[in-house]
Structure formats: structure tokens, C-alpha cells
Amino acid sequence: MPSFPSTRLRRLRAADWTRRLVRETALSPDDLIWTVIVSDRADPTEPVPSMPGVERLNVSEAAKAAVRARTLGIPAIAIFPNIDPGLKDAHGSKADDPNGLVADCIKAMKDAAPEVGIICDVALDPFTDHGHDGLLAAGEILNDATVERLIDQALMQAEAGCDVIAPSDMMDGRIGAIRTALDEEGFENVLILSYAAKYASAFYGPYRDAIGSSTALQGDKKTYQMDPANTDEALREVALDIEEGADMVMVKPGMPYLDIVARVKAEFEMPTYAFQVSGEYAMIKAAEANGWIDGERAMMESLLAFKRAGADGILTYFAPEAAERMTG
Ligand code: PBG
């Protein structure tokens, strides 16, 4: 490349039309997966204090959200349940309840807007009284026994009409076990989106409030979620999940882990998603509320950054707000 003064990169930035012509990355509603908190008690909606603008929705509001997603051109919704604490126990018994909140939401949402993909988290934490994603015995999270419960949970979701099973629990071997079970039960067309590289992160705080597991959680999740210091390990996690049958892979959290997104996309060339988690959302909203940043611009810039890093899409609480901005 010839150097200055024959090259002046500012020439291409001088006008809106040149900026548009040379723009390398674009964001559209097609890139968004709307993360929605559902509740068996919301009446019909209730705000989540640590996530301004996010509300827990009851089943009929969840169905309306699916219609809203369709209208806005958002391809899919991922649901996360907040259930009555009185229904939680050590085994997460309600995780595979065919008449529970998750099954009811899947059916209501698929009824209301069948064109919108429904993604369900597979993990026990919304259903356990100790707040962990797996079964706890003598202070240890049991791997293989947990995987058996996750299979039951995934089968219940598929039975209810869920399109995408998204294991977020980080147990070893669960993708292969769930794929086999789905295939055996005739659900060979149900997709698996693996939370393949999921880190033990402080950025999940507001989410645990939203689903009501933060007060319950005993200890931390460091024996199953990844150490934020590691990147090679993320590639090993993703490689295993692909081998076991994941259709799509995810990196989580999002913005602090864009290096992982870029590496995973470059290495595997798989449909790769990033989860802009609750704490990332809360930070932008809190700074905006204080007048410290332009919240709307920060939202759009953060979403674009995921695309630039190589993500095919973003799970985000901003989805409806961002899609409205893009289409409106
Ligand atoms: C748990 C789960 C978590 C999130 C999605 N599924 C939190 C955790 O691992 O404790 C986080 C979502 C967010 O912070 O927005 N299986």
C-alpha cells in the first residue's frame, strides 16, 4: 500500500455515501435472538430491577412476544424460566415437567407465531433450590447423573415443540447424549445450539436475579463453567460439542469474550453465536440512565462488534429495541 501523502484514508470517511459504500459489516434483525424471561407468577409482566426495560412475562405475554418478534423480523426467541421458589428442589424435579411453565410457553408461542424459532435452555439451575445447573452431592456437581436429567429436560422441550435445544450447563458429554436421545425418540430434526464455551462470569448477576436463582446459589460455578483466563480450552470445548452433534455453537458472555468468538469462528467455520448477557445489558442501561453514555448508540455499536468479530448472530435482551431501530 502506498503511504502518506498519496494514501489518505480519511478520503473514504469524508461523506456518508462513501462510509456506506465501504462499510464491511452490517447488522439486521436476522442477526438477533431475543432472550426472554418467563415466569409462572408474572401478572402479566413484572420488571426485573437490575435489567431496566426487561420484564418477566407470563405465558400469554410470552405468546405476544413471539408475535412481536415475527413483526420485527427477529428469527428466534430464547426463553428462560423463573418459577415459584416453592417448586424448586435439590433435583430440579420440575425441569422436565410436561405441564410446567416452559412447556406451556413453547406451546403458546408456537401457536401464536409458528414462524418464530423457539430456543430452550437446558440446565437445572432455574429448578434447583441450590441454584446449580447440575445435581449436587457432598459439595460436588455430578456430571453423568446430571446428564441423565438434562436428557429428560431436552426430551420434554422437544415434545412440547421446541425447535432448538440449547444446553447451557457445561457438563461433559451432554451434547452427544442429548443428540442420541433426541434421535431415538424421533426428534432428529430438532436442532442443538450448544453453549460450548461458557465462562464462570460475574456478568450473569442480573440474570440470576431475573430467574430467582441468585439468592439460592450456594458457592460458585467454577467446577463446570470455564476459567475466564483460557482460550485454547474454549477450542477444545467447541471441538467436542461439534463432534458430539451440535448444529450451532455459542460463546458466552459476549463482549468481554470477542477474542473467543473470533477464534472459534475462524477455526471451525460453524454457525457461531455470542450471548450478550444480562450484566452487559445492565451496564449499558445503567450508564444510559445516569446520562453517562448514549445508550442507543452503545447498544448498536455493541451488537455490531459481535458481527465484526465473526458471530453469525447475537442472543440479546436488546433484540426488540435494536430491531425497532433497524426497521423503524
Ligand atoms: C444457566 C444460565 C445462565 C445464563 C443463561 N443460562 C447463568 C448461569 O450460568 O449462572 C446467563 C444469562 C445472562 O446472564 O443473561 N444455565
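Helices (H or I, at least four residues) and strands (E, at least two) are taken as DSSP runs and numbered from the N terminus. The structure is a predicted model, in which local features need pLDDT of at least 70 and side-chain atom pairs count only at pLDDT 80 or more, whereas totals for chains, interfaces and linings use all residues. Residues are numbered from 1 along each chain as its sequence is written, and side-chain values use heavy atoms, with hydrogens and water left out.

D31 lies in the loop between α1 and β1 (32-39). Residues are classed as buried under 20% relative accessible area, exposed over 50% and partly exposed in between (1.4 Å probe, protein chains only). D31 therefore counts as buried, at 9% relative accessibility. Its side chain makes a polar contact with the side chain of K307 at 3.1 Å; such a contact is a pair of N or O atoms within 3.5 Å, where within protein one must be able to donate a hydrogen and the other to accept it, and residues adjacent in sequence count only if both atoms are side-chain atoms. With contact defined as heavy atoms within 4.5 Å, and neighbours within four places in sequence left aside, D31 touches A26, K307, D312, G313 and I314.

A274 is located in strand β11 (residues 272-276). This residue is buried, because its relative accessible area is 0%. Apart from neighbours within four places in sequence, A274 is in contact with M250, V251, V261, F306, A311, G313, I314 and L315. The C-alpha atoms of A274 and L304, which are 30 residues apart along the chain, are separated by 12 Å.

Strand β8 (residues 164-167) directs V164 and A166 one way and I165 and P167 the other way, and all are buried. In a regular strand the side chains alternate between the two faces of the sheet. Two strands are considered paired if DSSP finds at least two bridges between them. Strand β5 (residues 117-122) pairs with β8 in the parallel sense over four bridges, and I119 stands opposite V164 in β8. Pairing of β8 with strand β9 (residues 191-198) is likewise in the parallel sense, over two bridges, with V164 opposite L191 in β9.

Helix α1 (residues 16-22) contains W17, which is exposed, with a relative accessible area of 55%. L12, W17, L21 and V22 make a nonpolar surface patch of about 440 Å². Patches are made of residues with over 30% relative accessible area and no salt bridge, with like charges joined within 9 Å and nonpolar side chains (Val, Leu, Ile, Met, Phe, Trp, Tyr) within 5 Å. A salt bridge is a side-chain nitrogen of Lys or Arg within 4 Å of a carboxyl oxygen of Asp or Glu. Accessible areas come from the Shrake-Rupley method with a 1.4 Å probe, and for residues only the protein chains shown count as cover.
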